[in-house]
Amino acid sequence: MAATGEEAAAMDSISRVPTAHPTVLSLGGKPEPRGEIGEISSDSQIVPTPKKPTNSSDGGVETAEEAVEPAEPDINELCTDMFDKMAIFLQGELTGTCEDYCLLENMNKLTSLKYMEMKDISINISRNLQDLNHKYASLQPYLDQINQIEEQVSSLEQAAYKLDTYSKKLEAKFKKLEKR
């Protein structure tokens, strides 16, 4: 038994493949026609025919064209732009890090030079100290003689004081004896 009326229209709309826009986006994102309507293109894609409004005498159902979405922005261009900007960002980050390492390297070189100068100064001080120690060691016998002379002078001074006091006592006794 054949379907009539509304049933036929419903079955007819179910059996139809939905149609797409007659242009297919290429990888570049630009619409390219793929041949004549209803024709098979070189990459084995069927270029669909656009829906046209039909006037069905069966149910009086009228179909309309599907709404066409605006073309999406070029994905490849956006990806290229994103990668370019990411490259610039990463280049900036790496340049900043490289500059930090160059600064650190320069600081290390300057610090190394300062330590080399300090090493040279300490070597000179050590050398001078050794020279002074050798000179002091060579002067030590003379210093010992000076110490001995100082001790002898101090003992001689004490003897002179004792002699002075003894002479004063003698003088006092002599004057005492003279007065008598």
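I shall speak about cysteines, salt bridges and surface patches, in that order.

This is a predicted model, in which local features need pLDDT of at least 70 and side-chain atom pairs count only at pLDDT 80 or more, while totals for chains, interfaces and linings use all residues. Residues are numbered from 1 along each chain as its sequence is written, and side-chain values use heavy atoms, with hydrogens and water left out.

Let me begin with the cysteines. A disulfide is a covalent bond between the sulfur atoms of two cysteines. The rule applied here asks for a pair of cysteine sulfur atoms within 2.5 Å. How many disulfides does this rule give? The count is zero. As for exposure, buried means under 20% relative accessible area, exposed means over 50%, and partly exposed lies in between (1.4 Å probe, protein chains only). Cys98 is partly exposed, with a relative accessible area of 41%. Cys102 also counts as partly exposed, at 32% relative accessibility.

I turn now to the salt bridges. Side chains of opposite charge can pair when their charged atoms come close. The criterion is a side-chain nitrogen of Lys or Arg within 4 Å of a carboxyl oxygen of Asp or Glu. By this rule there are four salt bridges, and I shall describe some of them.

One of them joins Lys109 to Glu105, with the closest N and O atoms 3.7 Å apart. Both residues lie in helix H2, four residues apart, which is about one turn of the helix. Helices here are DSSP runs (H or I, at least four residues), numbered from the N terminus. Lys109 is partly exposed at 49%, and Glu105 is partly exposed at 41%.

Another salt bridge brings together the side chains of Asp164 and Lys168, at 3.7 Å from N to O. Asp164 and Lys168 are likewise in helix H2 and four residues apart, about one turn.

Lys175 is partly exposed at 45%, and Glu171 is partly exposed at 43%.

Patches are made of residues with over 30% relative accessible area and no salt bridge; like charges are joined within 9 Å, and nonpolar side chains (Val, Leu, Ile, Met, Phe, Trp, Tyr) within 5 Å. The areas come from the Shrake-Rupley method with a 1.4 Å probe, and for residues only the protein chains shown count as cover.

Which residues make the nonpolar patch? Tyr136, Leu139, Tyr142, Leu143 and Ile146 form this patch of about 520 Å². Among them, Leu139 lies in helix H2, which covers residues 75–179, and Leu139 is partly exposed at 45%.

There is also a positive patch, formed by Lys169, Lys173, Lys176 and Arg180. Lys and Arg count as positive and Asp and Glu as negative, while His and the chain ends are not counted. The place of a charge is taken as NZ of Lys, CZ of Arg, CG of Asp or CD of Glu. Arg180 is found in the segment after H2 and is exposed, with a relative accessible area of 77%.

Definitions and conventions. Helix = DSSP H or I, 4+ residues; strand = E, 2+ residues; numbered from the N terminus.
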